[in-house]
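Visitor: I am new to this structure and would like to learn how to read some of its features. Please take them one at a time.

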Amino acid sequence: MSRGPERSQGMTPSDASLPLLNEVVTRRRFLQGVSAGAAALYLTQLGCSGGADGIRRVVEQNQAFGNWTDVFRQKWSWDKVTWGTHLIDCYPGSCLFRVYTKDGVVWREEQAGRYPEIEAGVPDMNPRGCQKGSCFSDVMYGAERLRYPLRRVGERGSGKWERISWDEALTEVADGILDGIDEVGPESIIYETGPGNGGIVNGPLPGWRLSRLIGATVLDTNGLVGDFNVGLFETFGKFHFVSSVDDWFHSDLILTWHMNPVYTRIPSAHFIYEARYHGTRVVNIAPDYNASSVHADMWVPVEPGTDAALALALCRIIIDEGWMNRDFVVEQTDLPLLVRLDTNQFLRETDLRIDDDGARDDQFYVWDEATGGLSPAPRDTLRLESTPALEGRFAVELGDGTEVEVTPAFVLLRARLQEYTPEHASSVSGVKPSMIRKLAQMVGEAKRVHILQGFNTNKYYHGDLIERAQALLLALTGNFGRKGTGMRGFNTGQVQIGTVVKERAGLEGFIRLADRALDVEEELLKEDPTLTEEMRAIGVEQAEAQHRVLLPYDAGPLTVPAAFYWYWHAGYRDVWNRADWSDPSMTRPLGEYLDEAVSAGWWDGAALPPPERPPRVLLEVAASTLRRTRGGYKVLREKLWPQLKLIVAVDVRMSSTARLADIVLPAAGFYEKTDFRFPTTHVNFLTFTEQAVKPVGESKPEWELFSLLARKVEERAVARGMEKVSDAEGREFPLDELSDRFSMRGDVGEHDIDALADDIVRDTVRVGALPERTTLKTFREKGIVRFTGIGQTAEGLNLATDIKSDETVSPLRWHIEKKTPYPTLTRRIQFYIDHDWFLEADEALPRHKPNPQMGGSHPLKMVSGHLRWSIHSTWVANRLMLRTHRGEPFLMMNPDDALSRGVADAEQVRVHNDVDEFFVKVKVAPAVRPGEVIIYHAWEPYQYKNWRPYDSAIPGMIKWLHLAGGYGHLKYWRNNWQPQQADRAVAVEVEKMAPEGDA
């Protein structure tokens, strides 16, 4: 059914059922003529115009039409046109739209096309948008939209609900929270958010603030989602660096490696192909011949999870053929640093000055070819005064008088690379040796190489090894810190969001927050005066994670990794301790490594909730933990759900988790509140959405919702005599002051959302990331404003570059141009990690390791990715999107694999392994390599047979090395160093199902 004014399309004056169009008719009679019943049905579905009264108000408007041309013109007349964007965690998102409203209803949206040219000769970003954004109004009024607070009736998952008032709902939630605190402690309240609402005024932040004020456990979103680029972090001490998408245009060679931009970067992919038109070569490296392979100059078909072997073979050829950028390697990387051959650990100052308390464990050395002796590697700059050797063995006398042999890490790297001949890499990866040599030549001869690796690599068990090998390839050729070079992580840190950590709003609150952060930085500088601004900001984040330093009163953790919660409370202990599903290099069960890591204090303040404090309440905002957690629909329901006394879902739509919750609270949609989409440097604009219409039904913006909940928790706490509560560490949380603290001492009331948005803008101006005098009014006029700086957060500073008004954004330039050290243990791009666990695993240097047999010994590897037709699951049930493809979950399978199993296209099959099974229809596709099956991940469990989704068969393993700590940069801070679940290359089998009714 078409919507709104478009309904008149196709009508002709000869239609006997219509009034004569040359008569003057009322809007009421006109709608009656085109089936007022259908219009009323649709308006009832909208639910935003006050039910029957609202329908009557719309239909009975007296609006005279002169003739058919007036009808046509009215189709394109609007009561209001506003700015809009989609508060969803897509990358890079931030697409500016115009939203068209009539009669209190959003009828359509379209790309605004307001992006200016940034750099002469480089295409602009217009129009930005995709088919999902262009039909969000259909999702907004879809059948799955939540409109009223609901309470479960009967058993969880029974599908029976009753509508309740907001006061009833908030009272039940407040009492449930207090019950959990009273029984176990505040750590038993679990707050989880996710990609379903990416606002920075509303969205996840209000609930995050409230959770901290009551001492709840806030789970780290990046660890939950699995978008942490572990290998980049291990190598650079950070992963929050990324170029703007228009910077791709500067590349000579683009490797789309574990990325399918035609599917997942629809608004940005044009930069790749415009660059190609101008001579850039594009290589697609992927197991399947996907939509992006079609538009590449070369497709490199690699076996799933073997990319490290391919990358290391390229590295060997680069060195052997003399294509290595020696100056870059010597200055920017740790490869000249000396390693002891007796221990395989870096030579440190503490080795040379044993009895000196002032000797540093993080002072390293090079062998100076000019003097023929040791030279300390500078810690405060990358600028070298010596001439470091990359080859050779040298004798060094230690502080105890013994002599040891040392060699540059580069020598060990070359020894490692000897294994990775093109022929050996071919036997592992399936890529022909001739193709490997050709690709190496392309990389070696290109001046600017950019690897576009999506969020796929980090979802492999050994994805960190893949990323480390990719980074090594670029470092050997000097492809970081210049236009058109590098790899991508993501960055959302340019905007200054004080919602979670500010005591007061406005300038006063900003100054207080800045003062407390500076106090922490001063203490850090006393310990180490060489710390850079970026390192100090990371130190503040780490201090906040452990000691809660940014508020003048006790608060719960900023965030904690989900891994400990999953292991101790959610049912993953048995799964993760399966040795046959894990890395064979482990000499002990994963649980023993975890216990060692916790006992050593590596995760102090982050390993929460502890085993003795089980969860009692799950409060989630746009998270759908049952759909997103790998294996969660099976494991969480069996192990976690029975422990939870209350499950609350705050969402715009009835997700699978909401269906199995106790209380469902409706949140306002993207066009129903003032907000900004969380920014990413990919686009480098802060993008605005304003309230176009009132929220559907009784839904509320999250700031209002959690303001009311804070007030209700305080009210019920006082009534129950729980004015003060404490956590296991003795922190005290005065619940009788909760509403006052939540509102920033009354500065921001529940309806002051515009004021909160303006406060965020002004704080971002104060840190130099937005132009001076920018306010909320600026955004109402323009819709978007380009960032002028990287801000003062640790994440923003990870970009390490200057934002220039007439240039694309290229990260890491400070390291190259200003010689600013990296935030790693060695202060350099670090490829050699001499942590005891990494040495035990033989992963001190990048290498290839085969995928563990996650799920058992089965012949097919199941991989996944993002749907083309939805962003996460938000659009996955939308009728318009479902009509653009098969309209249900499907498994892509190679024809030979299907034929050998007697499976035909569109036939339903059973996919199974030692974890579980699910049922799905097959799409036979020659583009899929033999031995691989592909299923996209966004589908809701209720769209599968028996409500059993594909991730029921995913064990959700974590890599044990990612529990390591006590080593330089391997230390948790928000969104960074932590384990995350693997879900790629899961072992499965596919079998043909017997026809219905057969035995």
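Guide: Met 744 sits in the loop between helix H28 (738-742) and helix H29 (753-766); helices (H or I, at least four residues) and strands (E, at least two) are DSSP runs, numbered from the N terminus. The model is predicted, so local features need pLDDT of at least 70 and side-chain atom pairs count only at pLDDT 80 or more, while totals for chains, interfaces and linings use all residues. Residues are numbered from 1 along each chain as its sequence is written, and side-chain values use heavy atoms, with hydrogens and water left out.

Visitor: What is the phi of Met 744 near?

Guide: Phi of Met 744 is near 60°, a positive value in a residue other than glycine. Asn 344, also not a glycine, has a positive phi of about 60°. Asn 344 lies in the loop between strand E11 (338-340) and helix H14 (349-352).

Visitor: Is Met 744 buried or exposed?

Guide: Buried means under 20% relative accessible area, exposed over 50%, and partly exposed in between (1.4 Å probe, protein chains only). Met 744 has a relative accessible area of 1% and is buried. Asn 344, with 34%, is partly exposed.

Visitor: Which peptide bond next to Pro 609 is cis?

Guide: The bond from Leu 608 to Pro 609 is cis, with omega near -15°. Pro 609 is in the loop between helix H23 (590-599) and E17. Another cis peptide bond joins Asn 126 and Pro 127, with omega about 0°.

Visitor: In what order do the strands of the open sheet stand?

Guide: Two strands pair if DSSP finds at least two bridges between them. Here 7 strands form an open sheet in the order E5-E4-E19-E18-E17-E6-E7, and the pairing is mixed. Strand E5 (161-163) and strand E7 (217-218) each have a single partner strand, so they stand at the edges and one side of each lacks a neighbour in the sheet.

Visitor: Which strands of the sheet does helix H6 touch?

Guide: Contact means heavy atoms within 4.5 Å. Helix H6 (residues 166-183) packs on the sheet and touches E4, strand E6 (189-193), strand E17 (617-621), strand E18 (646-651) and strand E19 (663-666). The direction of H6 makes about 130° with that of E19; axes are lines fitted to C-alpha atoms, for helices over the stretch in contact, and angles run from 0 to 180 degrees between N-to-C directions.

Visitor: How do the side chains of E17 point?

Guide: In a regular strand the side chains alternate between the two faces of the sheet. In E17, Val 617, Leu 619 and Val 621 point one way, Leu 618 and Glu 620 the other way, and all are buried. E17 pairs with E6 in the parallel sense over 5 bridges, and 5 bridges also join E17 to E18, again parallel.

Visitor: How much space lies in the second largest pocket?

Guide: Rolling a probe the size of a water molecule over the atoms shows where empty space is left. On a 1 Å grid over the protein atoms alone, where a 1.4 Å probe fits, a pocket is an open set of points with protein on both sides within 12 Å along at least five of seven lines, and lining residues have an atom within 4 Å of a point. The second largest pocket holds about 930 Å³; grid points are joined across faces, edges and corners, and a volume is the space filled by probe spheres set on the points. Its lining has 37 residues, of which Asp 362, Gln 542, Gly 968, His 969 and Lys 971 lie nearest the centre. H20 gives the most to this lining, with 7 residues.
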